Amino acid sequence: MPALLLDSVTKDFGEKRAVDDLSFAVRDGEVFGFLGGNGAGKTTSLRMVLDIIRPTSGRIEILGRTPGRENSADLGFLPEERGLYRTMTALDTITYFGRLKGMTRNDARREGRALLDRFGLGGSANTKIDKLSKGMAQKVQLATAIVNAPRLLILDEPFSGLDPVNQGLLEDEIKRLSRQGATIVFSTHVMQHAERLCDRLLLLAQGRKAFEGTQDAARATLPARLTILSRTTPAGLPGVVAVTEHGGQDGWTEWGVSLAPGADPGDLLQVCTERGFALRRFEQSRPSLHDVFLHIVGGEEGRA
Amino acid sequence: MTNPILLVAAREFRQIAATRSFWITLLILPLALAIGPIASHFMEKDHTETVMLIDPSGQAAPAIAERLALDEQRRVLTSLSRYSESHDLDRADPAAPWAQHDRYYSDTEVQTFARAGGADHAAAVMKRVAAADTPPFDKPDPDYRIVPTPPAIAASNPAALANMLPGLINPPKKEGEPLDYAVYVPGNFGSGRSPVQIWSDGAPPGTLMIALQDTLTRAMRLRFLEGQGVSPDMADAAGRIAPMIAINRPSPGKGQEQMVIRSILPLLVSYLLLMSLMLSGSWMLQGTIEERSNKLIETVLACVSPNQLMYGKLFGTVAVGLTMVAIWAGCAIGVAFATQGMIADFLRPALAPLEQPSVALAMIYYFLAGYLMISMIFLTIGAMSDSFRDAQSYLSPVMLLIAMPFAIIAQAVLRDPSSVGVRIMSWIPIYAPFTMLARLGAGVPLWEVIGCGVTLAAFIAIEFVMLGRVFRASLLSAGSKPNLARLGRLMRGRDVE
């Protein structure tokens, strides 16, 4: 049973279609990246998952159930736009949200204290939110999302607005919760975080799914790029679609080589060996998610 | 698991109760009620006004003074009579004038009463049969007191008096004895050449004018009759002829007086409803605006549904309002118990409407219904506003619409609780709680209580459906202020995302 399932989900706001026939599944226990540019439909999709808004059509399953507040005991949510009750203390805030998710008062307070201690805010438990620094308040906000040790944690642009220290803290928490078996879905448009954390990812463009799969599969959508040092041009070798000469020395020349999409650099190396094609260097440069994002989403948005 | 509605309500309550303004407001009303009477006691002008009689002939002044004293004794006697009737003390001396409640006391009766020892003697007689908790008789202050006429004034002619007296009547700097009225009676008054003159700072009171006119007219008639050859005794007897006038009115605490007293508690409840609504509503408004402007709403909505949030906020606000009312009522009851006597005497008839369970139930119903109805409006305004300034543009017309007619309703109810205007207001849902609360003390037909109640309930149900749609639609649409057309569409269930 997937932790989260969206089946042909569409959401219209008046004339505007925000999410268009979106289908994907998040497996239990995986860290799933929900990537897309601004206005791609990420937040709308997550709000539908949380039953804050309802889809125009399609089906959503969350931990095997339909969306609704009865799931809140198993859910954690950190919205993109964050805020807290200014006049409540840090501990009361965490306790309040813990209780809204079905925890007893004692459990919520105990867990709240433990989280504040872990985040280095043990001494500020009884300080009002408006007396905390922005960074401290962000930690409290994170604590409200995970106080109930959620089975499914949904993070909407969790790294936006965080300083590098808090970004590190959040990454650690995501890894910790993942190790404990939680399923984590987070949206972002900062690819470095996705690269470090995601088992699988989904790329959203104009409300439609542009890609779903592992990072390797995502990278495979880009033509492989190689740098080789050889005596003769690699143009004409199987799979090579473009060659650029970068200069040479002592009879050896450096070439930038682009392979056809889906072509395996290993196959090219094997052909070179079999044909006695002299090589002094064979270097594969791995495309980043950023490149993949620009390749897939940039193209979609460019076409829109 | 605690119901999320209760959790939201409890948080709302705690947030409001933690504010300084809540506690200040809570204390202001009892303080104002306590300080008001004390302040007015100190600021109040002495009831007894002073009169200076300037009478060169020395004949009119004693008669005027005697007449004023007689009128004063009549007031005391009338007051004693009401006291005796209120506390069932007539049996102490059934033949005494104060035990006769149905007539205007003649001069002879008043003189007999005064000669027998006046109020002090009567009070002593009554005390023999009075219950232990009967408050003592509080003798009214006299209306007028005659002050001595300084020799310099007594010897002055009218032209000199016209220069001297205006400076002595309520002078800016009080020097010596204050003087309210000066009356000059020339020796040949009534001859047409020398008028009786009065100096006053304003229009002289009717009672003083009647006393002067009666006394001087009688003296002129005596002179006239004696001039016509009538013997002085006969002329005097003719001057004293007066009809016996019977007065039929309800006993104390009945009739119009009863209606006013019985309407006081309902009117007060109606006023408290208005006060606490305005205050707790504005606090709830601030809370909702904070949730929107602090971008809290999405976090909250991930845990509770918009309806749970809406009902939680409403219940929290109602709890705040009821707490305020309960504390104010507790203070009032505490004061009543502490002071006993007059306040308890007043409270007993004022609380009489509550002796009927149906009236008490109706009051609770209309109070709660009014609270829910108006709070829902405040809540929706809060959900549509990103700042308090935003909210003001919706709030001002709503406040005017709700609060302005209150004063008119209160006055109209005291004048005639079953007038057409008041009855029409009872059927208009937004005014029904205030109007019905104010009317209940004076008695409202059962069909009207139920009819207005059902209409109000139906209106609240429709209001909750329509404003609930606006509330839910507005929660997540920060930065966009709906215009009237969009509000209408949202209420009809269109444009809902």
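Leu5(A) stands opposite Glu61(A) in β4(A). The model is a predicted one, in which local features need pLDDT of at least 70 and side-chain atom pairs count only at pLDDT 80 or more, whereas totals for chains, interfaces and linings use all residues. Residues are numbered from 1 along each chain as its sequence is written, and chains are lettered from A and ligands numbered from 1 in the order in which they are written.

Strand β1 (residues 4-13) of chain A runs antiparallel to β4(A), and five bridges join the two. Strands here are DSSP runs of E with at least two residues, helices are runs of H or I with at least four, and both are numbered from the N terminus. Two strands count as paired if DSSP finds at least two bridges between them. An open sheet of three strands, with antiparallel pairing, has the order β2-β1-β4 (chain A). Its edge strands, each pairing on one side only, are β2 (16-26) and β4 (57-62) of chain A.

A further open sheet has four strands in the order β11-β12-β10-β13 (chain A), again with antiparallel pairing. Here β11 (240-249) and β13 (279-285) of chain A are the edge strands, and each pairs on one side only. Strand β10 (residues 225-230) of chain A is joined by six bridges to the antiparallel strand β12 (residues 252-259) of chain A. The bridge partner of Arg225(A) in β12(A) is Ser258(A).
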